[in-house]
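Subject: Handing over the structure

Dear colleague,

I am passing on the structure that you will find just below, and after it my notes on what was found. Please read them with the structure open beside you.

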Amino acid sequence: MTFSYQIKSLEKYREAYQKSIENPEAFWEEIAAHFTWQKKWDTILSYNFIEPKIEWFGGAKLNITENCIDRHLANRGEEIAIIWEPNDPKEQVRSITYTELHKQVCMVAQMLTNLGVKKGDRVCIYMGMVPELTFAILGCARIGAIHSVIFGGFSAQSISDRLADAQAGYIITCDGAERGNKTINLKSVIDDALVGNEQVKKVIVFTRSKIPVAMQKGRDTWWEDEMEQAGQQVEKNGVVSFPAEPMHAEDPLFILYTSGSTGKPKGVVHSTAGYLLWTNYTFLNVFQYQLGQVHFCTADIGWITGHSYIVYGPLSAGGTTLMFEGIPTWPDAGRFWDIVAKHKVNILYTAPTAIRSLMAFGLEPLKNKDLSSLQVLGSVGEPINEEAWHWFSQHIGKGNCPIVDTWWQTETGGIMISNLAGITPQKPAHATLPLPGVIPVLVDENGIEIIGNGVSGNLCIKQAWPGIIRTTYGDHERCKTNYFSTYPNLYFTGDGCLRDEVGNYRITGRVDDVLNVSGHRIGTAEVENAINRHSGVIESAVVGYPHDVKGQGIYAYVIFEESNHNQNLTKQDILQTVTRIIGPIAKPDKIQFVLGLPKTRSGKIMRRILRKIAEGETQSIGDTSTLLDPNIVDDIIAGAF
Ligand code: PRX
């Protein structure tokens, strides 16, 4: 397989970009010709951002697993598709060839079919980072079931909400997940999530940790038993096969829940063909991936980064993707560097929060670590500060590796703004230039486009690209309101952005009530709702503040019903409540008990003021005269951390 659409010079980037804007249909048709289709398209693109309705490759049929697996079998069947590095470095590494991956995915497809899963059914996946997670995802895609992976750190309550929203009938999970020196009992979390649920028919349990679990008769079944039976069915005379379901280009491939500024997390829906093209194209171009290279994306598959750049991007390219089960600081803070040396990793794609937390250990963990295999470094999830950028470049890349600063979102399916490694110029802390197909525009508060360079505004995207969100599951109106109504005919990202003198983009962070904590997206409303579930809490308000390692920390102002309670105990209780309702990632870093919140006469909380106080900027709070009770601000400042 050759990648003739891999851009090899700045000049070619400019040419490709120009063509993708002037004639997107011709541009993407040429790229689509490199994929495996069961039926070719009648139309290439039709869309409007009003309803919104987006259709790429209308009339076409394909199955994404044929593109990620089958088409590599003839020439690359014995190449390694997945390297699995276990949590415990003493445990055996697993290397899975494309031939083996094909077999496992056919078996999962057969197993799901045996259990009654049909095309269009929603299958929720709640597993640790084991290869079976990838087999499960692709097994769903093979039969056209819609997968919805839930990050292993979410609580039973969060899972229960997502199961209900997706109306999922099936779950695939593990007995436990291994993370550092902990085993997390995933199956028992699922059991809690299923209390009162009548929709889920089957729970498939993969044995990872060999811990005791309760199996409910008729509902729960072991992965190993089901797979054994399926294995016998898919193999005939030594040949393994399972037909790949013909999917319409626009059929949903998966749902992934993400936080917004209001309400509960929403299920972002991605389509089949557009998502395939977008993850493949961006993977090959941004990282400049060459066959044989080892690509290590440190994200969890429970987030979009894992979907796009551990699973679909690398596998669609016939590449080798590394899945790491554990955490960067166990057994010690040199773990990432050990993995790089052990597997001769060529591309390392990680998050600024991970870089900052490893920087804090100094250079000791890097001693005697052979990082010479590294060729490209990548950053994602939040703005990377210059200090972290330089540390990454100097100490990990040894000054020889380009760093791609990739800006994108769950909703965009893949990378939108980034330099192309070694091809287009990099600039510390800047995502730089848009990928072909992406037209970023900056607008002011009134929706007026800001033209020219050396400007800033709210970041929107003008034209449909293949990987764009299609809907929010079960509630299309919400998709419209969230992304397409703020500014007519534009997709609104929720991010603020600068465009420098020569046109490089620099993302400055969210302009809505969404926090970015250690690269995880968390809605302030979600955290407030969780805190308010504590029986003694009258009201709360949550804002972000700058945090050295996490990027942003969570600051909660809480009105508690009693004034003489034991504050430390109440804080512990509140943290437990948040952990129970959402999960540990949403726990506030600071909780301040207050007597009131700064509200306007119409009852709206002035978060701007709370943000300033949390940031320690009490001198620049500005006008408080519109508040119902301006004195409350002084009280809050007096008690602030
Ligand atoms: O604020 C931006 C930030 O992460 C948000 C998207 O979060 P999520 O959907 O969870 O996806 C994260 C992984 C793609 C964006 O709205 N963000 C992501 N990448 C960058 C970034 N901010 C600055 N620079 C980046 N490279």
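**Aromatic rings**

Y555 is buried, because its relative accessible area is 0%, where buried means under 20%, exposed over 50% and partly exposed in between, computed with a 1.4 Å probe and with protein chains only. F641, by contrast, is exposed, since its relative accessible area is 53%.

Before going further, please note that this is a predicted model, in which local features need pLDDT of at least 70 and side-chain atom pairs count only at pLDDT 80 or more, while totals for chains, interfaces and linings use all residues. Residues are numbered from 1 along each chain as its sequence is written, and side-chain values use heavy atoms, with hydrogens and water left out.

The structure holds 39 aromatic pairs, a pair being two rings of Phe, Tyr or Trp (its six-membered ring) with centres within 6.5 Å, called stacked if the planes are under 30 degrees apart, edge-to-face if over 60 and tilted for the rest. F283 and F287 form a tilted pair, with 5.9 Å from centre to centre and 50 degrees between the planes, and both of these residues are buried. The rings of Y555 and F641 have their centres 6.1 Å apart and their planes at 65 degrees, so this pair is edge-to-face. The pair links distant parts of the chain, 86 residues apart, with Y555 in strand β31 (residues 551-560) and F641 in the segment after α18 (631-639); strands (E, at least two residues) and helices (H or I, at least four) are DSSP runs numbered from the N terminus.

**The ligand**

The ligand is surrounded by 17 residues, the closest being D405, T406, T410, D495 and R521, where a residue counts if one of its heavy atoms lies within 4 Å. A backbone N or O atom of T406 lies 2.8 Å from a nitrogen atom of the ligand, whereas a polar side-chain atom of R521 is 2.7 Å from a ligand oxygen atom. On its own the ligand has 540 Å² of accessible area, of which the protein covers 96%, as computed by the Shrake-Rupley method with a 1.4 Å probe.

**A buried leucine**

L371 lies in the loop between α12 (352-359) and β21 (376-380), and it counts as buried because its relative accessibility is 5%. Leaving aside neighbours within four places in sequence, L371 is in contact (heavy atoms within 4.5 Å) with residues including W337, V340 and L366.

Note on methods. A polar contact is a pair of N or O atoms within 3.5 Å; within protein, one must be able to donate a hydrogen and the other to accept it, and residues adjacent in sequence count only if both atoms are side-chain atoms.
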